[in-house]
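Here is a short tour of one protein model, written for someone who likes to know how each number was defined. Have the viewer open and follow along.

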Amino acid sequence: MSDAKFFQRGKIQELRLELNSDKKDRNHTRKKATLKKIVANMTMGNDMSSLYPDVIACMAIPVLEVKKMVYLFLINYAKSKPEMALDAINTFRRDVEDPNPLIRALAIRTMGYIHVDKVTACLIQPLRHCMRDQDPYVRKTAAVCVAKLFMQDRHLVENAGFIDLLRDMLVDSNPSVVANAVAALTEISERSDHIQLKLNMSIASKLVTALNECSEWGQTYILESLMFVVPQEPGDAEMLAERIAPRLQHANSAVVLTAVKVIVYLMNYMSKDEDISNMCKKLSPPLVTLLSSGPEVQYVGLRNILLVIQKHPEILKNDIKIFFCKYNDPIYVKMAKLEIMFRLASEHNVEQVLSELKEYATEVDVDFVRKAVRSIGRLAVKIESTAQRCVEALLELIQTKVNYVVQESIVVIKDIFRKYPNQYESIIGVLCENLDNLDEPEAKAAMIWIIGQYADRIENSDELLDDFLYTFMEETVEVQLALLTATVKLFIKRPTAGQDLVPKVLKWATEEVDNPDLRDRGYIYWRLLSTDVAAAKVVVLSEKPHISTETDNMDPVLLEELLLHIASLSAIYHKAPTTFIPHCKPRFLIPSPALRRQNYGYGRGTLMHQDSFSSVHSNSNGEHTHKDDDLSNSSSTREPQHQRLSYHEQSFDQIAEASIGNQEYYDQRINTENPYRTDTTGTANSKSTAGDLMSFDL
C-alpha cells in the first residue's frame, strides 16, 4: 500500500497516544505506522518537536526501520532544540557497538549530522573505532562522516588524527571504502587552507586497480582524486592514462567526463607528441557518444568539448558532422553546437559547414538564426579561401529582407571589410539599399563605419550620414561614437561634402551629451582639425589593427585552469570557480620534471597551485634566497624578481618564471617542515609551524 495515506495533518495528542499505547504490538507495526505519520508531518512543515520525549523512547527498539525514522527526527530538530540530541547520547553510544553493522553505521552517520558540541565531543572515539570496524559498510560510512565533521570543526579533525586514518583507508581491501576515503580526503583538501592532498604513483596505481570493483560514483571519486597525482618521471603519465582509458567506455556520463578530465590533465606531463596524439584519438569516441544522450547531458558534454578542442583541436577534427544541428534539438544545444562547428571548421570541411550554416539561417528561431549568420561571417574571417563564398551567402540572406538577418549580415560584413580591404567593396551598394531596415545599435554602428570608411567611394555618403544625424541625440553611445568618427572621416576625405556636418556633430558631442567618452573624443577631433589637418588625417585614417578570429579564443591561463575543472559547473559557465564559489581553492598545474616545457610559453597557460611556486624563502638574516634548478648552473642565492603573489596578481611571465625550477625547493620544504609527510625522504628531526602546508604525499 502507498505511504500517501500518512501525509495528512495529525494531532500531536493522538500521535503521542499511539506511540505510548500499551496494546500488544507484534513486530512494532503500530509504532512504525505512527513514526511514519510523524515523519510525513515533519516533511510537510508541521512542528512535531513536542513529541521528542516519546520519539526518543522508541530508540530502544532494536529494529532498523524504527531507528531510521527516530534518527531522522533527531537530525531535523537537533539544530533548533539541541537538548533533544543530548538526551539521545547514551543511545548513540550503545548503537555504535550494536552487533548489527547497519545500526552501527546508522548511528555514526546520524551523529555526524547533528551539529551540537556535546554530541560532536562524544563522536570522536566511536568514529575512530568505526573507521577500523570489521565491516566495510561501517568503515565507508565513517569515512564520509569525517568529511562532515570537518565542515563543522576542521581543527578537531586535524588534531584528532582522522586525516591519518583516512590515509590508511586508501589501501583498504574493499573498493567502496577506498572510494569514500578518497572522496573525504578530496573534499577536505579542497576546503582546507593548509592541507593539500598529493598522491604518489604507488597509491595512484592501487586506486586505479580498485576502479573495476567500484560503483559508478565511487569511480568518479577515485578518478577525481587522480587530479592530485603529479607525475615525476617520464612515462608515469602515459602509464596512468592508459590504465584510465577503459573508463572512457563507461555508460555513466559523469565517469566518462571525469576520465576525460584526468587524461587531459596527464597530457601536460607527457613528453612525446606521439603519446599525446594517441590519447587524443582515444578521447574522440567517448565525447561523440555523449551526444547520443538526452539534451541536458548533451549540453554539458558540448560545453566541456568546447574547452577541450581549444587546447587540443586535433580531437574531433574528423567528426564535425556529429555537431550538425537536428530539427528537434533544444535551442541551447543548437547554440552550443554552432560554436563547436565554427571551432572545428577548416579548409577541408568548410563547404559542409557553410552549407549547414546557410540552412540554419532560414530557420524560425531568431537567436539561432542570428548566431548562424554571425558564424558565416566569422568563417570568412577565419578561412580566407572561403571568404568569397561566405560573402555570396550573406548577400543571398540580405536579399530575403528579413530584418534581423539583414542587420546581422551587415555587422559581420563590416568585419570582412576590415579583414580583406579593397576586395569586396562592390557590395556596398546592396548594403545601402537596406538602411531603412536598421534599428539595432550594433547594425547601425557597423553601417555607419562602412559609410565613413568608404566615404570617398560612396557618392552620397554625406547624405546618408546626414540622415543618421537627424536622430543623433536619441541614439546609443555606440552609434554616436560611430557617427562622430564617420563624419570626421568624411570631412578628411571629402572636405566640401563634410564641412557642414562636422561643426554640427562636434558641437553636439562636446556640449550637449553627457557621456565622457563621446565628449573626450569630440574634443580630440576638434583640436586636431583646428590645429593640423594633416595630423588628423594620420590619426583618423591610420591603419586598422589586424582582425582575426583568435580574439574569440579564451585566455590561455583561464583555459588551462578550466581544463582542470572539466565535468564541473566551471566548465559549463566557462568561469573559474573562484569567481562564483566563495573561498574556493584554485587548481593549477604543479611543476615537476615531467611537465612539458611548452606549458610555460604563450599559447599554453602556466598553472600551478599558488603554494607550489613559492620558492622564495627567508634566511636567518631576513634576506630572500631562491633555489635554482635548471635556470642556472650556480647554486648561489639571488634576489628574486617577485615575492609570492596571488594568482591574479601575477603576470603570465611571472608565473612561468616562478614555476620553472621550483620542484627541488618545494620538495625540500615539504620534506623538512611538514610533520604529516608520510614518505621516507623527510628529515626526522624537522620542526613544523602551525601555518605550514600539510601535503599528504601518499
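Helix axes here are lines fitted to C-alpha atoms over the stretch in contact, and the angles between N-to-C directions run from 0 to 180 degrees. Two packed helices are described by the angle between their axes and the distance between the axes. The model is predicted, with local features needing pLDDT of at least 70, side-chain atom pairs counting only at pLDDT 80 or more, and totals for chains, interfaces and linings using all residues. Residues are numbered from 1 along each chain as its sequence is written, and side-chain values use heavy atoms, with hydrogens and water left out.

## The whole protein

The secondary structure comes to 35 helices and four strands, where helices (H or I, at least four residues) and strands (E, at least two) are DSSP runs numbered from the N terminus. Of the 698 residues in the protein, 53% are buried; buried means under 20% relative accessible area, exposed means over 50%, and partly exposed is in between (1.4 Å probe, protein chains only). The accessible surface comes to about 32900 Å², and 49% of that belongs to carbon and sulfur atoms. Such areas come from the Shrake-Rupley method with a 1.4 Å probe; for residues, only the protein chains shown count as cover. Among contacts between residues at least 6 apart in sequence, 65% join residues at least 24 apart, a contact being heavy atoms within 4.5 Å.

| Helix pair | Angle | Axis distance |
|---|---|---|
| H18 (residues 295–311) and H32 (residues 556–563) | about 125° | 10 Å |
| H23 (residues 403–419) and H25 | about 40° | 8 Å |
| H25 (residues 441–453) and H26 (residues 461–469) | about 155° | 10 Å |

To put words to these angles, under 35 degrees counts as roughly parallel, over 145 as roughly antiparallel, 65 to 115 as roughly perpendicular and the rest as oblique. A crossing is left-handed if the near helix is turned anticlockwise from the far one by less than a right angle, and right-handed if clockwise. For residue classes, Ala, Val, Leu, Ile, Met, Phe, Trp, Tyr, Cys and Pro count as nonpolar, Asp, Glu, Lys and Arg as charged, and the others, Gly among them, as polar.

Let us take H18 and H32 to begin with. At their angle of about 125°, H18 and H32 are oblique to each other, and H18 passes H32 in a left-handed crossing. H18 contributes Leu307, Val308, Gln310 and Lys311 to the contact, while H32 brings Leu559, Glu560, Leu562 and Leu563. Sorted by class, this contact has five nonpolar, one polar and two charged residues.

H25 takes part in the other two pairs. H23 and H25 are oblique to each other, and their crossing is left-handed. On the H23 side you will find Gln407, Ile410, Val411, Lys414, Phe417 and Arg418, which meet Glu442, Ala443, Ala446, Met447, Trp449 and Ile450 in H25. The classes here are eight nonpolar, one polar and three charged residues.

With H26, the angle is about 155°. That makes H25 roughly antiparallel to H26. H25 passes H26 in a left-handed crossing. Lys444, Ile448 and Ile451 of H25 make the contact with Ser461, Leu464, Leu465 and Phe468 of H26. By class, that is five nonpolar, one polar and one charged residues.

## Individual residues

Not counting residues up to four places away in sequence, serine 461 touches Ile451, Ala455, Leu490 and Arg494.

Phenylalanine 73 sits in helix H4 (residues 64–78) and is buried at a relative accessible area of 2%. Leaving aside neighbours within four places in sequence, phenylalanine 73 is in contact with Ile38, Met42, Met48, Ser49, Leu51, Tyr52, Val55 and Met84.

Finally, a look at backbone angles in two loops. Leucine 316 has a phi near 70°, a positive value in a residue other than glycine. Leucine 316 lies in the loop between H18 and helix H19 (331–344), and at 1% relative accessibility it counts as buried. Lysine 401, also not a glycine, has a positive phi of about 65°. Its place is the loop between helix H22 (387–399) and H23, where lysine 401 counts as partly exposed at 43% relative accessibility.
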